Amino acid sequence: MTRAIPADATECARILADAARDGRTVRIIGSGSKSYVGDAATTDIEVATSRLAGIIDHEPADLTVTVGAGTRIADVAVVLERAGQFLPLDPPHGDEATIGGVIAANSNGFWRARYGGVRDLLIGTRIALTDGTVARAGGRVVKNVAGYDLDKLIVGSFGTLGVIVEATLKVLPLPAASDGLVGRFARSQDAFAAADAIVRGASRVEACVVERSEGSAWRLAVQARGSTLTVSRAIEDARRAVAARQGDARELGEDLGRMRELPAHATDGALVRVSLPVAAAAAFTETAARLESVAALVADAASGVVRVHLLDDDDAVIRDAEALVAAARVVGGGGRIERRAEHLRSRLSTWPTRPTGDFLMRRIKDAFDPAGILEPGRAAFA
């Protein structure tokens, strides 16, 4: 495999054009933290974004920041913190993930319900295309109303349409206070009832996550950030919700960070990720927890995203993983096998059933990448 490290957008576009002309397939890599996603095939060229990094523009008064796609989320956080601001994204692999990778994978964490996801925070991109051009979408100000919103199309495309070389995102002032708690319950119904009361309550929280990881116990992790008074009220409301369902509350600690990083640690067996209507998450999770192969389960009660880590013999893992994806579709959601052990890749597809809208995305893929060189197998339509 040939490795290319372009220094700028123009060079990146030229590399893609040459590859398309010669029919050579291309893999795009930032930090490589999500290289396990998809059914990616071996490629001829690897294009790294490590030199497309750094803060390009930061306008504190406009609450925007423009960065190179190869910039790590952690490095952006350091720069913004000096200005009293933060990027309201908390994706898995937070220490290593790059901006381009987070956008390409549509990688969201538990803050999504409060601040919005990648699609909501992204307001501008520059993208190198396989015809040798560099396309610009959106801009560097929050109000972008002209033309097609191509930014939305790039989010979650896994590099199959082009290489993100630059991005502009919304930022926010750092909160003055932060606090949280963990509630422990004997039954999943009580954990989800408390979570529902917290999410629907007057006090806004950043994260509200239900977990089952050891034995039959269920845990509810809640985090609130903002002014001192609003945080105090939110946590007090959460304590009442936990107590009303016979839960035992204690300090939050590092629980949320551990739950968020489940994709990074679930290297054996299979990790299933489903996105559900919020109202269906409790019943789905209760059913999933009955599977003997379940090693860990993390459900974002505010957004309906559930991850289930399966560990057992290969046949049981494959059977249960495919069943969970099918069950998600039955209740109006969707899912994929987000990660699986290397020896299972040939037996367990990322998409046991084709996702909704697959034929439309194939047409878009053909328009952006007619030679079909970008990230073969990475996405369902690639």
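This is a predicted model: local features need pLDDT of at least 70, side-chain atom pairs count only at pLDDT 80 or more; totals for chains, interfaces and linings use all residues.

Biologist: How is the protein chain divided into domains?

Modeller: Domain bounds come from an automatic or database domain assignment. In this chain they give domain 1 (2–173), domain 2 (177–258) and domain 3 (261–344). The centres of domain 1 and domain 2, taken over C-alpha atoms, are 33 Å apart. Their contact (heavy atoms within 4.5 Å) draws on 6 residues of domain 1 and 8 residues of domain 2.

Biologist: How should I read the area buried between domain 1 and domain 2?

Modeller: The size of an interface is often given as the accessible area lost when the parts come together. The loss is taken with a 1.4 Å probe and summed over both parts. For domain 1 and domain 2 the buried area is about 690 Å², with carbon and sulfur atoms giving 47%. On the side of domain 1, Phe-110, Trp-111 and Arg-114 lose the most area to domain 2, together 85% of what that side buries.

Biologist: How many salt bridges does the rule find across this interface?

Modeller: The rule finds 1 salt bridge between domain 1 and domain 2. Helix α4 (residues 112–115) supplies the largest share of the side of domain 1 that touches domain 2, namely 3 residues. Helices here are DSSP runs of H or I with at least four residues, strands are runs of E with at least two, and both are numbered from the N terminus. That side of domain 1 divides into 5 nonpolar residues, no polar and 1 charged.

Biologist: Is Gln-246 buried or exposed?

Modeller: Buried means under 20% relative accessible area, exposed over 50%, and partly exposed in between (1.4 Å probe, protein chains only). Gln-246 counts as exposed because its relative accessibility is 64%. Gln-246 sits in the loop between α8 (228–244) and β14 (248–251), and has a positive phi of about 60° although it is not a glycine.

Biologist: And where does Glu-375 lie?

Modeller: Glu-375 lies in the segment after α13 (358–368). Its phi is positive, about 45°, although Glu-375 is not a glycine. At 3% relative accessibility, Glu-375 counts as buried.

Methods: Residues are numbered from 1 along each chain as its sequence is written. Side-chain values use heavy atoms; hydrogens and water are left out. Buried area is the accessible area (1.4 Å probe) that two parts lose on being put together, summed over both. A salt bridge is a side-chain nitrogen of Lys or Arg within 4 Å of a carboxyl oxygen of Asp or Glu. Ala, Val, Leu, Ile, Met, Phe, Trp, Tyr, Cys and Pro count as nonpolar, Asp, Glu, Lys and Arg as charged, and the others, Gly among them, as polar.
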